[in-house]
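Biologist: I would like to learn how to read a model of this kind. Please take the features one at a time, with the general idea ahead of the case.

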Amino acid sequence: QIHVVYAVIKIEEDDLTEQTIIKIYNTLTGNYFSIRKDGAEIHYYLTYNGIEQEIYTSDPFPVGDIIAVGIDIEGIIETFGGNVASFFGSQNGMKMYVGGDESNEFQFTGYIYTVGLSSSFRRKWFLNAGSELNG
C-alpha cells in the first residue's frame with residue numbers, strides 16, 4: 001500500500017503556463033488526481049466522474065527554489081473524505097505519470113530531482129521533513 005507520493009522539483013524560469021508534475025490515473029474508472037504548476041503556485045486537483053475539483057493551492061514560491069510537492073494519502077483522505085477517499089481507497093488499476101501525462105500536453109519543463117512512493121514506515125519522516133507534502 002502506497003502512503004506518500006512526492007517529487008522534488010525546481011522551476012528555473014518564470015513560465016506562467018500550466019504544467020503537470022504528477023498525475024495518478026485510475027485505468028478502471030478514468031478518474032485521476034493531478035499536481036500541477038501554474039505560474040508560481042502548485043495546484044492539487046481531483047477529477048472524479050468528469051468533474052474537476054481543486055483540493056489545495058500552495059503559497060507562491062520563488063522561481064529557482066528547490067521544492068517538494070506531493071501528498072500524504074492517509075492525510076488527504078482524512079481531510080477531504082468523499083470522492084478523495086473513494087479515489088485513493090483502492091489502488092488497483094492506478095498508474096502514475098511524472099512530468100506530464102498521456103496527452104503530451106502541459107509537460108513539465110523544470111527539473112525533477114527525485115520522485116518517490118513510500119510506505120507507512122517512511123510517512124512520518126516525510127511529514128516531519130518540512131516539505132510541501134500536503135494532505
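Modeller: Begin with burial: a residue is buried under 20% relative accessible area, exposed over 50%, and partly exposed in between (1.4 Å probe, protein chains only). This is a predicted model, in which local features need pLDDT of at least 70 and side-chain atom pairs count only at pLDDT 80 or more, while totals for chains, interfaces and linings use all residues. Residues are numbered from 1 along each chain as its sequence is written, and side-chain values use heavy atoms, with hydrogens and water left out.

Biologist: Is K23 buried or exposed?

Modeller: K23 counts as buried because its relative accessibility is 5%. The residue is found in strand β2. Strands (E, at least two residues) and helices (H or I, at least four) are DSSP runs numbered from the N terminus. β2 is mostly covered, with seven of its nine residues buried.

Biologist: Which side chains make polar contacts with the side chain of K23?

Modeller: A polar contact is a pair of N or O atoms within 3.5 Å; within protein, one must be able to donate a hydrogen and the other to accept it, and residues adjacent in sequence count only if both atoms are side-chain atoms. The K23 side chain has one with the side chain of D101 at 3.4 Å, and another with that of E102 at 3.3 Å. Contact in general means heavy atoms within 4.5 Å. Leaving aside residues up to four places away in sequence, K23 touches Y32, F33, S34, K95, M96, Y97, G100, D101 and E102.

Biologist: What is the strand order of the sheet?

Modeller: Strands of a sheet pair through backbone hydrogen bonds, either parallel or antiparallel. Two strands count as paired if DSSP finds at least two bridges between them. Here five strands form an open sheet in the order β5-β4-β3-β2-β7, and the pairing is antiparallel. β5 (51–57) and β7 (94–98) are at the edges with a single partner strand each, so one side of each has no neighbour in the sheet. On average, neighbouring strands are turned by 20 degrees against each other, direction ignored.

Biologist: How many bridges join the strands, and which residues are partners?

Modeller: β3 (residues 32–38) and β4 (residues 41–48) are joined by seven bridges, and S34 has Y45 of β4 as its bridge partner. β2 and β3 are also joined by seven bridges, with Q19 opposite K37. Five bridges link β2 and β7, where N26 stands opposite M94.

Biologist: Which helix lies across the strands?

Modeller: Axes are lines fitted to C-alpha atoms, for helices over the stretch in contact, and angles run from 0 to 180 degrees between N-to-C directions. Helix α2 (residues 82–89) lies across β2 (18–26), β3, β4, β5 and β7, at about 80 degrees to β4.

Biologist: Where should I look for positive phi values?

Modeller: Most residues other than glycine have a negative phi. N49 has a positive phi near 50 degrees and is not a glycine; this residue is in the loop between β4 and β5. N49 counts as exposed, at 60% relative accessibility. N104, likewise not a glycine, has a positive phi of about 60 degrees. The loop between β7 and β8 (111–118) holds N104, which is exposed with a relative accessible area of 60%. A glycine, G30, takes a positive phi near 85 degrees in the hairpin of β2 and β3, which has five residues between the strands.
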